[in-house]
Amino acid sequence: MTEPLKQVHLAAHFPGVNNTTVWSDPEAGSHIDFSSFVHFARTAERARFDFLFLAEGLRLREHAGRIYDLDVVGRPDTFTALAALAAVTDRLGLTGTINSTFNEPYEVARQFASLDHLSAGRAAWNVVTSWDAFTGENFRRGGFLPQEERYSRAKEFLATAHELFDSWHGDEIVADPATGTFLRDAKAGAFVHTGRHFDIHGRFDVPRSPQGRPVIFQAGDSEEGREFAAAEADAIFSRHSRLDTGRAFYADVKARLARYGRRPEHLLILPAATFVLADTDAEAEERAREVRRLQVSGATALRHLEFVWNRDLSAYDPEGPLPDIDPDTGEEHLARGRAQTREYRDRLATAREWRELAAAHGWSIRDLVIHTGNRQSFVGSPATVAAAIDEFVQTDASDGFILVRHVTPGGLDEFADTVVPLLQERGVYRTEYEGTTLREHLGLDHPDHPDHVRRTRRVAS
């Protein structure tokens, strides 16, 4: 008997601050004006996407003590934007990244429960930690937590939030005018949590929401992050957008689920993916080359090289050869708040590798940054891209993708109009939403489902 085709899950990432967005493109619009959010969200919903995803930035990044203005495009408050979008969409899930290092469980649980009510069950929380002291300077506690402490706090933060969500069971409100009874249980919302990171007790003031709890996303790729996702998350974001690395990551994370009483379908794996489309594959390849050069201007190339060299390279020609001086390996770094400062920890080794690549290919500084940076995940005609996405899902390299476009807010339109119909023709993508909540879109159990309750108790014990 032939196995049924796996269904492709698709989501859309509304960019914040990044090197993907080409804000200088004539078609680019505001990343703060609400009309941009509306256009983007309505396109995603028209294409029957599972959800829209907002990342989070708690501080503007700096370079040599100044705002890194080459990729600043605005990052409004996550809850404010998602709550507003709940009013102009009907089915699209609304996913927000909220930090567990600098927030408090009661506040975050209250905000997500409210968003789930406002959206009739479409809220999702991407649980992240903060790794740098630079961001911590914006907050009362300051500083930052070492990696093992970040995950310890994140686990207890999430467990505490779940206790708050579950302090209401959903049947407490009677609202019977004949008897004057509003609440069946006068203890509704009562909670007590005593732990290493949080010691709180009181009453949670938001009744149980349509999904019971928001859908939980996680983005860590470390050993701790993968294990956290296997135990707690409903979906995990992945940076693995090649077939070989995608399959390895997929197999590794899915294999961890059994120890927590979970099955493979209980955790979705969704890599981020960029795309460039054209009428033919050759035209798409040419367009992709143009996009990469727009993403890496001469100024951007020099700044990127400074992430490794940790020196002011403004005197160098971005179309010329790499510097012949070695990187500064001191602790202080020109770039603050950027992940590359962790990625390129061994600056001397990276510089040697890059010099060898540049010499072998005759690359300038700008050429090198273009070729070693992120490339588009899918490039080709709509038919080529649809086939590639389907292959990833059917061969267990992912359960779908979170699409990241280089132009906002209209960057999804072409994909929605050309690729989505082809996926639908293949029988691997919905033609209509079958449910109303994000859990239903993703094929996930409701927290009150008996199987989910049993798994939760097993993890807790």
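Which residues in H2 meet which residues in H3? In this predicted model, Phe 79, Leu 82, Ala 83 and Ala 86 are the H2 residues, and they meet Val 108, Gln 111, Phe 112, Leu 115 and Leu 118 in H3. By class, this contact has eight nonpolar residues, one polar residue and no charged residues.

## Two helix pairs

Let's look at how those helices sit. H2 covers residues 78-86 and H3 covers residues 105-118. H2 passes H3 in a left-handed crossing.

| Helix pair | Packing angle | Distance between axes |
|---|---|---|
| H2 and H3 | about 15 degrees | 9 Å |
| H1 and H14 | about 5 degrees | 9 Å |

The angle of about 15 degrees makes H2 roughly parallel to H3. Likewise, the angle of about 5 degrees makes H1 roughly parallel to H14. In the H1 and H14 pair, His 39, Thr 43 and Arg 46 of H1 meet Asp 413, Ala 416 and Asp 417 of H14. The residues of that contact divide into one nonpolar, two polar and three charged.

## A covered helix and a buried loop residue

Helix H12 (residues 365-372) is mostly covered, with six of its eight residues buried. The buried ones are Ile 365, Arg 366, Asp 367, Leu 368, Val 369 and Ile 370. Their cover includes helix H8 (281-295), helix H9 (298-309) and helix H11 (347-361).

Is Leu 444 buried or exposed? Leu 444 lies in the loop between helix H15 (438-442) and helix H16 (450-460). Its relative accessible area is 11%, and because buried means under 20%, Leu 444 counts as buried. Not counting residues up to four places away in sequence, Leu 444 touches Val 215, Asp 234, Glu 265, His 266 and Arg 439. Leu 444 and Leu 268 are 176 residues apart in sequence, yet 9.4 Å apart in space, C-alpha to C-alpha.

## Backbone details in the loops

A cis peptide bond joins Thr 408 and Pro 409, with omega about 10 degrees. Pro 409 lies in the loop between strand S17 (400-404) and helix H14 (413-425).

Arg 48 has a phi near 60 degrees, a positive value in a residue other than glycine. Arg 48 is in the loop between helix H1 (34-46) and strand S2 (51-54). Ala 120 also has a positive phi, of about 60 degrees, although Ala 120 is not a glycine. The loop between H3 and strand S6 (123-128) holds Ala 120, which is partly exposed, with a relative accessible area of 45%.

Key
Residues numbered from 1 in each chain as written. Predicted model: local features only at pLDDT ≥ 70, side-chain atom pairs only at ≥ 80, totals over all residues. Heavy atoms only, no water. Axes fitted to C-alpha atoms, helices over the stretch in contact; angles between N-to-C directions. Helix = DSSP H or I, 4+ residues; strand = E, 2+ residues; numbered from the N terminus. Parallel < 35°, antiparallel > 145°, perpendicular 65-115°, else oblique. Left-handed = near helix turned anticlockwise from the far one by under 90°. Contact = heavy atoms within 4.5 Å. Nonpolar A, V, L, I, M, F, W, Y, C, P; charged D, E, K, R; others polar. Buried < 20%, exposed > 50% of the residue type's maximum accessible area, 1.4 Å probe, protein only.
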